[in-house]
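Colleague: I am new to this one. Could you take me through it, feature by feature?

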Amino acid sequence: MTDTSDHRRELRRAAEHVGRRRFLTVTGAAAALAFSVNLPTAGAASAAELDGRRLTDDPFTLGVASGDPLPDSVLLWTRLAPRPYEPGSGMPRARVQVGWELARDERFRHVVRRGTATAHPEFDHSVHVEVKGLDAGRVLHYRFRAGNWTSPVGRTRTAPAPGARNSALSLAAVSCQAYHDGHFTAYRHLAREDVDVVFHLGDYLYEYAVNATGGARGYTDRRLPAHFDRETLTLEDYRLRYGLYKSDPDLIAAHAAHPFVVTWDDHETENNYAGGTPENDVPPAEFLLRRAAAYRAYWENQPLRAPQRPTGPDMRLYRRLRFGRLAQFDILDTRQYRSDQAYGDGWQRPGPESEDPARTMTGTTQERWLINGWRTSRATWNVVPQQVVLAQRRDVPTDAFKVSMDAWDGYPASRARVLRGAEEAGVANLMVLTGDVHVGYGFDLKRDFDDPDSRTVGTEIVATSITSGKDGSDRPGSWNNQMRANPHMKFFNGRRGYAVVTLGREAARADFRTVPAVTTPGAPLATAASFVTEVGNQGLTPA
């Protein structure tokens, strides 16, 4: 592995230019980020414009994507990257005009909107197009043009109208896609699924080194550049790593097939960071500089709207989407605002530190936003896509149990406030979507997890990883202990894959899709288990 000491010195030199107090201001954060990547400051002359016809190589190597569907609008994304494994992605430091089209059919005989957007070098030549004034509940097709090059065609859709009494909505939940742990085979299968939207629940990218043969992928037909064989620290590092991940053909296929709604967890920045606290003992300003770089690269490479564009180390990622009268989605960020993990993180015995009522997983503002949103919701289903396991999860069925300090078990007062808020708001059909743990779980959410007979207030569907953890197994070594220790745990499987959830007016169905291997390509897809939960009668039962 390449030594990262020079890299850390580069970050430290950048951080030394900005003290913590100044860094935490909007202008200070922006100045620090500009210093670290030589971005132009406000008032500076903008980059020159490049005639797209001078692009000699295909700039659409990362494909296309769409996201955050609204009843009258879609968000379209691409990034120009003729050579995505190189710094700068093979693009000059110049603006490029990119044309786009949106049509009712995939042959573009019935174009409903077209226009031009600018790919700025300051944003790594990414393009985010918010197309407005569209009809609700429509399937649409889109593409981009730069010079003589045309992108692959993507398929997206608008959400149903606000008052629509839609009868069904199908979604997929995905998470945790460590490139070095295997092939994105599950995405190839997901591209063929008939779903309305995909929710990515975090760990889209990992900061860990990827060696020349792609880790567990074991490439024999290529060698990855040495700059991937180190931890990501700078903006250039994160941009290059997205170029590696997003050039994967299976991920490209999934993005082209479905609109994505994304939220991050920790690895998009650094393992198990908590708010402004890093995993390791580095100066706060240095970590926030790294966080600013990670957040900026995340926005550049995801189909996100303008309100999500970061300012320095701050990015408003939590947001709300509605799909007619059937479903309201409250997408959370449980990483940026949380208290530091208690007892040094990991699996620990709960105690006064973890049970402190002042501790928060979401921060006060986001928690209030969530509960207030429930109070005004008129949806049949209130769904919460978020990152870490909400349900209580003990490791052994004895009094000597431990729980994960990184999950909601490490923040039980915060969890209690949220679940109580849902009940008091009159939420009758609560479903939480979770990633993070590289296994599939199905939980009943209890008013009192220590009393198996207490009221079930909702359900939690935990999507296993796309690759993280490598091949996995149907019954991990902890299966017996966890199933016995947690009566509200209705399902546990350790293979890779994703979950498909179909919401209806009378019930919801969850199908846990798995593949037997990711360390070899082309594995088949199976459904490990299926469950239903009824409207007005929450709790998972086998389908």
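Modeller: Start with a definition. Buried means under 20% relative accessible area, exposed over 50%, and partly exposed in between, with a 1.4 Å probe and protein chains only. Helices (H or I, at least four residues) and strands (E, at least two) are DSSP runs, numbered from the N terminus. This is a predicted model: local features need pLDDT of at least 70, side-chain atom pairs count only at pLDDT 80 or more, and totals for chains, interfaces and linings use all residues. Residues are numbered from 1 along each chain as its sequence is written, and side-chain values use heavy atoms, with hydrogens and water left out.

Colleague: How many residues of α5 are buried?

Modeller: Eleven of its twelve, so α5 is mostly covered. Among them are Leu235, Tyr238, Tyr242 and Tyr245.

Colleague: How far does α5 reach?

Modeller: The expected span of a helix is 1.5 Å times one less than its number of residues. Helix α5 covers residues 235-246. From first C-alpha to last, α5 reaches 16 Å, close to the 16 Å expected. Helix α7 has 17 residues and reaches 24 Å, close to the 24 Å expected. Of those 17 residues, 16 are buried, so α7 is largely enclosed by the rest of the structure.

Colleague: How do I read two packed helices?

Modeller: Two packed helices are described by the angle between their axes and the distance between the axes. Axes are lines fitted to C-alpha atoms, for helices over the stretch in contact; angles run from 0 to 180 degrees between N-to-C directions. Here α5 and α7 pack at an angle of about 30°, with their axes 8 Å apart.

Colleague: Is the crossing of α5 and α7 left-handed or right-handed?

Modeller: A crossing is left-handed if the near helix is turned anticlockwise from the far one by less than a right angle, and right-handed if clockwise. The crossing of α5 and α7 is right-handed.

Colleague: Which residues of α5 meet α7?

Modeller: Contact means heavy atoms within 4.5 Å. On the α5 side they are Leu235, Tyr238, Arg239 and Tyr242. Their partners in α7 include Arg290, Ala294 and Tyr298.

Colleague: What is alanine 294 in contact with?

Modeller: Leaving aside neighbours within four places in sequence, alanine 294 is in contact with Tyr238, Glu268 and Thr269. Alanine 294 and tyrosine 238 are 56 residues apart in sequence, yet 6.2 Å apart in space, C-alpha to C-alpha. Alanine 294 counts as buried, at 1% relative accessibility.

Colleague: How do I read aromatic pairs?

Modeller: A pair of aromatic rings is described by the distance of the centres and the angle of the planes. Rings of Phe, Tyr and Trp (its six-membered ring) pair if their centres lie within 6.5 Å; planes under 30 degrees apart count as stacked, over 60 as edge-to-face and the rest as tilted. By this rule the count comes to 22 aromatic pairs. Tyrosine 204 and tyrosine 242 form a tilted pair, 6.3 Å centre to centre with 35° between the planes. The pair links distant parts of the chain: tyrosine 204 is in the loop between β11 (197-200) and α5, and tyrosine 242 is in helix α5, 38 residues apart. Tyrosine 242 is buried, with a relative accessible area of 0%.

Colleague: Where does the charged end of arginine 143 sit?

Modeller: A charge sits over a ring if NZ of Lys or CZ of Arg is within 6 Å of the ring centre and within 35 degrees of the ring normal. The charged end of arginine 143 sits over the ring of phenylalanine 108, 3.9 Å from its centre.
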